[in-house]
Amino acid sequence: MPLRIGQGYDLHRVVPDRPLFLGGVAIPAPGWGLLGHSDADVLLHAVTDAILGAVAAGDIGQWFSDQDPRWHGISSALLLRQVLDAPALQGWQLVNLDCTVIAQRPKLAPHMPAIRTSLAGLLGCPLDAVSVKAKTNEGMDAIGREEAMAAWAVVLLQRS
Ligand code: MG
């Protein structure tokens, strides 16, 4: 098949004493970071899982165990790079990426251009192939109560 679709989802707990990274961008949001073994970039984790899903190559937790000290505090951009460079992804190129970040706070609209540019750079694709949307959860559930942040991603890959 010359085309493959992949879907990814991730959620991280909000904590006050960590930085916030989304799509490889450091978002200035004091008191509003994400807990995780790596830099906890929830958007990059969803994107990475979508890419792995497209080629049926497992998930990010299998590739980068949270028990492995090598990945402690690591930039999720490096994890994505490692996946893109892996044999499973050779011969595939990204057609487009569409993702949604769900966060009650902070306001993400001002950061969207930087996040899209970062993702396009990491994925080596044109800006118009990258869509990032932001939603709140209308005050409902753990995300709405500002306890967590989540991301969904869908990718389409084609044989290069
Ligand atoms: Mg994660």
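Predicted model: local features only at pLDDT ≥ 70, side-chain atom pairs only at ≥ 80, totals over all residues.
Eight side-by-side names make up the contact: Leu-43, Leu-44, Val-47 and Ile-51 come from H1, while Ile-115, Leu-119, Leu-122 and Leu-123 come from H4. Sorted by class, that gives eight nonpolar residues, with no polar and no charged ones. As for the geometry, H1 covers residues 42-54 and H4 covers residues 112-123, and the two pack at an angle of about 35° with their axes 12 Å apart.

Next comes the sheet. It is open and built from five strands in the order S4-S1-S7-S5-S6, with mixed pairing. Strands S4 (33-34) and S6 (130-135) sit at the edges with a single partner strand each, so one side of each has no neighbour in the sheet. H1 packs on this sheet, touching S1, S4, S5 (92-102), S6 and S7, and its direction makes about 155° with that of S1. S1 itself pairs with S7 (residues 148-159) in the antiparallel sense over 11 bridges; Gly-6, for instance, has Val-155 in S7 as its bridge partner. H4, meanwhile, lies across S5 and S6 and runs at about 140° to S6.

Asp-10 belongs to strand S1 (residues 3-15) and His-45 to helix H1, so to speak a link between distant parts of the chain, 35 residues apart. Asp-10 counts as buried because its relative accessibility is 17%, and His-45 counts as buried at 7%.

Definitions and conventions
Residues numbered from 1 in each chain as written. Heavy atoms only, no water. Axes fitted to C-alpha atoms, helices over the stretch in contact; angles between N-to-C directions. Helix = DSSP H or I, 4+ residues; strand = E, 2+ residues; numbered from the N terminus. Contact = heavy atoms within 4.5 Å. Nonpolar A, V, L, I, M, F, W, Y, C, P; charged D, E, K, R; others polar. Buried < 20%, exposed > 50% of the residue type's maximum accessible area, 1.4 Å probe, protein only. Pairing = 2+ DSSP bridges.
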